[in-house]
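These are my notebook entries on one protein chain. I record what I looked up, in the order in which I looked.

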Amino acid sequence: DTNIFYSSPIQVGALTNWKQVAGSFAHTAAIKTDGTLWSFGYNFRGQLGNSDSALDYYSSPIQVGSLTNWKQVACGYMTTLAVKTDGTLWGMGFSYYGQLGTGIWSSPNYSSPIQIGTLTNWKQVAGGNYNTVAGKTDGSLWSWGRNDYGQLGNGTTIYYSSPIQVGSLTNWKQAACGYAHSMAIKTDGSLWTWGYDGYGQLGNSSTVWYSSPIQV
């Protein structure tokens, strides 16, 4: 329970039924093979999703509710987002820039999962620094949250608190987010990036940022 740094991998507990894991600034979330969702780390904005109103931090995994139908989880800056097996999308944590996609612009903390819209065709979600990108089962790509560098990929720098579609294509396969930039792979195997490019993170041999996807 002390703040010790490790320069080599250390095992988290002794269980062997972990399926998928995600990490962000100072918290981690993971799903087990039984479909349960677990989280640990910093919880200042309720991003661990365990309904802790004291917003404490946890140095060991704690279960998020008791459901067993979690499919995929992602972490953003002080947020956690997850897709269930029924195709619904859920978020918890900080929503100041609309990154939880609930349509709310204020800055409440959600310490328990809240559903993002009512759709049941979400496939995969990724969290960044105050922005989120997610794909649907129909191959379309959606984003929301902070957009000062065009990281939402919709050709603007307008912030959105609800999902908006990235273009009109339906051949997106998988998405990811970094600090103020986003990226995605299409079903044809091509790689696309957009957003802030001050350090060349868009991979396009320049440091020019783009508000729409460009191919790497």
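Entry 1, surface. I looked up the accessible surface of the protein chain, which comes to about 10,300 Å²; 54% of this area belongs to carbon and sulfur atoms. Accessible areas come from the Shrake-Rupley method with a 1.4 Å probe, and for residues only the protein chains shown count as cover. I note that this is a predicted model, in which local features need pLDDT of at least 70 and side-chain atom pairs count only at pLDDT 80 or more, while totals for chains, interfaces and linings use all residues. Residues are numbered from 1 along each chain as its sequence is written, and side-chain values use heavy atoms, with hydrogens and water left out.

The C-alpha atoms fill a box of roughly 45 × 40 × 35 Å along the principal axes. The radius of gyration, taken over C-alpha atoms, is 17 Å. This agrees with a compact globule, because one of 216 residues would have a value near 17 Å; the globule rule is 2.2 Å times the number of residues to the power 0.38.

I counted 0 helices and 16 strands in the protein chain. Helices (H or I, at least four residues) and strands (E, at least two) are DSSP runs, numbered from the N terminus.

Why is strand β2 (residues 27–32) said to be largely enclosed by the rest of the structure? I found that 5 of its 6 residues are buried, and therefore it counts as largely enclosed. Strand β1 (residues 18–23) runs antiparallel to β2, and 5 bridges join them; two strands pair if DSSP finds at least two bridges between them. Glycine 23 stands opposite threonine 28 in β2, and the hairpin of β1 and β2 has 3 residues between the strands. β2 and β3 are also antiparallel, with 5 bridges, and histidine 27 stands opposite glycine 41 in β3. Their hairpin has 4 residues between the strands, and glycine 35 in the turn has a positive phi of about 85°.

I located phenylalanine 44 in the loop between β3 (37–41) and β4 (58–63). Phenylalanine 44 counts as partly exposed because its relative accessibility is 42%.

Definitions and conventions
Buried means under 20% relative accessible area, exposed over 50%, partly exposed in between (1.4 Å probe, protein chains only).
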